[in-house]
Amino acid sequence: MGRHRKQPATTVRRSSLIALTGLVPAGLVAVTAASTDATSTATAAVEHDLLPDVDPEAGPQLAASPLADIVEVAHAEARQSPSATPVVKTVALPGDRVAADLPAGPLGIPGIAVAAYQNAEEQLAVENPHCGMSWSLLAGIGRVESTHAFGKADADGNPIKAVYGPVLDGSLSGNNVIYDSDGGVLDGISGYDRAVGPMQFLPETWHRYAADGNGDGVSDPQNLFDAALTAGRYLCDGGLNMRDLSQQSKAILRYNNSMAYVANVMAWSGSYSSGLAPKPQDLPRIH
């Protein structure tokens with residue numbers, strides 16, 4: 001996401017709408033308050049390739065039941081009791097890892113990403129049932145932020161190549177200047193911050209919401225399972241209910257204070273739920 005802002009202070013094992021014409025999908029309700037909390041780059045301007053050979057008009061690429069069965073295997077182990085105080089760090093991994101071979105889900109979404117989003121939905125249903133988080137909403141965020149780690153994550157949900165946003169040093173038009181908050185521990189640079197991982201969190205925000213989605217005792221922003229659960233906690237914070245479209249919009253605005261961004265996330269979320277590709281008019285350009 002492109003306009004990074006710091007948030008005010010607020011309060012999961014690694015194994016295998018202000019409704020504006022033309023900016024929101026039809027039927028969405030209006031909201032009147034826009035959050036000033038935004039954590040990552042709206043254009044998802046990260047340093048890696050886009051998801052290859054995905055035809056958004058093709059619809060679901062696999063019958064629901066085989067994917068569901070395989071995804072269940074993939075994230076069954078992740079539903080362990082998460083560490084109460086996970087270690088926040090990015091795990092160093094070998095460079096010869098290969099992408100997970102799970103079959104793709106609706107609209108070509110990588111199976112390992114589906115596993116991570118569904119795992120987060122299940123964990124949040126236990127720890128914060130009021131929120132009503134859906135895997136498809138998390139998938140909408142992941143699609144806009146990094147195209148699900150650009151479809152290149154290993155069987156444990158770790159991107160084959162680490163995902164970073166642009167350095168927030170003021171050189172990129174439209175982005176705030178964010179000075180270093182973690183000594184480069186998570187984003188690998190000093191002096192300034194940049195968003196990290198497939199869900200594009202600023203280091204300071206990650207430390208505040210860090211979750212251990214796969215129960216290995218580590219909260220790694222590069223890992224899809226950890227990132228999905230952390231994103232869910234961030235969106236749910238403050239007692240928001242994702243079943244209410246106005247509250248859902250307010251939550252998404254935390255990521256990027258842009259109604260075009262909200263429209264894109266909601267459009268992709270609805271498409272992953274229905275298997276129908278979003279229409280171009282539902283995906284306004286995010287400035």
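Visitor: In this predicted model, does Ser 219 count as buried or exposed, and which value decides the matter?

Guide: A residue counts as buried when its relative accessible area is under 20%. Ser 219 has a relative accessibility of 0%, and therefore counts as buried; as for its place in the fold, Ser 219 belongs to strand β2, which covers residues 218-219.

Visitor: Which polar partners does the side chain of Ser 219 have?

Guide: A polar contact is read from a pair of N or O atoms within 3.5 Å. The side chain of Ser 219 makes such a contact, of 3.3 Å, with the side chain of Trp 206, and a polar atom of the Ser 219 side chain also lies 2.8 Å from the backbone oxygen of Ala 211.

Visitor: Leaving aside residues up to four places away in sequence, which residues does Ser 219 touch?

Guide: With that exclusion, the residues touched by Ser 219 include Pro 86, Val 87, Val 88 and Lys 89, and also Trp 206, Ala 210, Ala 211 and Asp 212; Asp 226 and Thr 230 are likewise among them.

Visitor: Turning to the rings, how many aromatic pairs does the structure hold, and what is the geometry of the one formed by Phe 201 and Trp 206?

Guide: Planes over 60 degrees apart count as edge-to-face. The structure holds eight aromatic pairs; in the one formed by Phe 201 and Trp 206, the centres are 5.4 Å apart and the angle between the planes is 75°, an edge-to-face arrangement. Phe 201 counts as buried because its relative accessibility is 1%, and Trp 206, also at 1%, counts as buried too.

Visitor: How are the rings of Phe 201 and Tyr 255 arranged, and which parts of the chain does the pair link?

Guide: The planes of Phe 201 and Tyr 255 stand at 70°, with 5.8 Å between the ring centres, so this pair is edge-to-face. The pair links distant parts of the chain, 54 residues apart, since Phe 201 lies in the loop between α3 (135-150) and α4 (203-209), whereas Tyr 255 lies in helix α6 (residues 245-255). Tyr 255 is buried, its relative accessible area being 0%. Phe 201, Trp 206 and Tyr 255 belong to one aromatic cluster together with Tyr 209 and Tyr 234.

Visitor: Where do Arg 143 and Arg 194 sit relative to aromatic rings?

Guide: Arg 143 lies over the face of Trp 268, at 4.2 Å from the ring centre, while the charged end of Arg 194 is placed over the ring of Tyr 164, 4.0 Å from its centre.

Definitions and conventions:
Residues are numbered from 1 along each chain as its sequence is written. This is a predicted model: local features need pLDDT of at least 70, side-chain atom pairs count only at pLDDT 80 or more; totals for chains, interfaces and linings use all residues. Side-chain values use heavy atoms; hydrogens and water are left out. Helices (H or I, at least four residues) and strands (E, at least two) are DSSP runs, numbered from the N terminus. Buried means under 20% relative accessible area, exposed over 50%, partly exposed in between (1.4 Å probe, protein chains only). A polar contact is a pair of N or O atoms within 3.5 Å; within protein, one must be able to donate a hydrogen and the other to accept it, and residues adjacent in sequence count only if both atoms are side-chain atoms. Contact means heavy atoms within 4.5 Å. Rings of Phe, Tyr and Trp (its six-membered ring) pair if their centres lie within 6.5 Å; planes under 30 degrees apart count as stacked, over 60 as edge-to-face and the rest as tilted. A charge sits over a ring if NZ of Lys or CZ of Arg is within 6 Å of the ring centre and within 35 degrees of the ring normal.
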